[in-house]
Amino acid sequence: MTQPYDELLDSVREASLIGSTAGILAWDQETMLPRGGVEWRARQLAQLASIGHEMWTSPRIGDLITICEGDPALVESPHSDSGANLRELRRNYDRQVKLPQSLVAEIAKTQSLAQHAWTEARAKSDFQQFRPWLEKMVELMQQKAACIGFEGDQEAWDVLLEGFEPGARATQLQDIFTPLRERLTELIGDLLENGTPPAEDFNRERLPIAVQEEYVREVAKAIGFDSHRGRIDRATHPFCSGSHPGDVRITTRFHEDNVVDALGSTMHEAGHGMYEQGMPVDHAGTPLGQATSLGVHESQSRLWENHVGRSRAFWQWCHPLVQSKFGAPVAGYSAEDMYRAANVVRPDFIRVEADEATYNLHVIVRFEIELALLRGDIAVADVPAVWNEKYRDALGIEVPDDARGCLQDVHWSCGLFGYFPTYTLGNLFAAQLFEKAEGELPDLHDQFSRGEFTPLREWLGRAVHEHGSRYTADELCERATGEPLGMDALLRHLEGKLRPVYGL
Ligand code: ZN
């Protein structure tokens, strides 16, 4: 009885084509679209979202899933091609079919317009300009959660989280985030009070943007981002958009006095991009050809950005490249200077520019605010004040304006509620994976110092990329690292690196 399964996969691939077309238009919106095209683009994306939704939720797909689930040969092994595809298709179908098409189109249209309003509000640091859009978006998200419905002890925020991190719950995250926050606060406090901060003049050198661009493109190529199957462009908020392993778009950004941001953003998005490029191409357009969760996706970006890009061995390799690209302004810096500058810890305002130690505190603040918004404990109008108070509390800093406060991230304008915690889950998984890779590839750091990154990329391919959604995030973690997700590897990594850098 393979015929219904083949018909199901054909329909799913058709629906995926629509989604990937919308993905390219969304990429274009962030990289190329002239201002005058914003409204029209919103209508294009809303139309595609609506068509895609209709295809994903057609009664025929529902019937085919049910028929296939009745065939033991297809479902008896949960990790077979059909077993995994059917698990994911059922989950997706059950969520989507409960959403009225009008709501899907309304969300898509609001996303485009709200994102545009956010860009303008952020440029002027004017939360009031964005407030009505955020109010509308929170309301739409509450409607979305209510339509999908609550399973067991789920609350509205959990229902949204489920779209990114299947199986996770706010209360479980709190169980990890609370002790993590404590341990990180302790470490950061010790570094700042008792340590000697490394010099960071290298990070502040003014370097021509055209040369920065050449430089980060070379690094992306060296670590394995394949430009024959992808592109690197510029965007205000760097992201990765993958529609097929043969066409993966990543974006980065440049500031004259912040080459570290350009490098970090590029390595981060290249990490996402290599995951997309490493997906099993035969399964493109089906769940098996897609990431299993956003936390897993983020583990790939953070691993390259932090565990590779902030390692001593990486800078031993990168140092001569930096010297040859930028010349005189960087001539006085050694590889060790660059490594130490890459590991400065400073509580600061902007999440995407945060160091490895304070980064998770930024995430925890957003998680708490989202939860409060969705629970109705705070109003949208309270967000700037609550944000600033939480930054005072968690990071000990006074937020000077909303552009450097609650307007800094694009996510809420796109309706991405439940998304932020996946960043910290990604950090935890990255640390566990990297520790495992170090054990299995004993000369890993020597390889980095010689510019050899292929063994690590191939190891990640075997551990993570090639499996797509065959395993759930929890299963993948246990399988790849031998342990469930926890905070120990991340804390070992941070303590082991940062204390020596700070002379402790
Ligand atoms: Zn990312």
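This report walks through a zinc site and some aromatic contacts in a predicted model.

## About the model

Local features need pLDDT of at least 70 and side-chain atom pairs count only at pLDDT 80 or more, while totals for chains, interfaces and linings use all residues. Residues are numbered from 1 along each chain as its sequence is written, and side-chain values use heavy atoms, with hydrogens and water left out.

## The zinc site

Let's start with the metal. His 268 (NE2), His 272 (NE2) and Glu 298 (OE) are the protein donors of the zinc ion, at 2.1 to 2.3 Å from it. Donors are N, O and S atoms within 2.8 Å of the metal (3.2 Å for Na, K and Ca); water is not among the atoms, so sites may look incomplete.

Both histidines belong to helix H12 (residues 259-277), four residues apart, about one turn of the helix. Helices (H or I, at least four residues) and strands (E, at least two) are DSSP runs, numbered from the N terminus. His 268 and His 272 are both buried, meaning under 20% relative accessible area, with exposed over 50% and partly exposed in between (1.4 Å probe, protein chains only).

## Aromatic pairs

Rings of Phe, Tyr and Trp (its six-membered ring) pair if their centres lie within 6.5 Å; planes under 30 degrees apart count as stacked, over 60 as edge-to-face and the rest as tilted. By this rule there are 20 aromatic pairs. Tyr 215 and Phe 326 are edge-to-face, because their ring centres are 5.4 Å apart and their planes at 80°.
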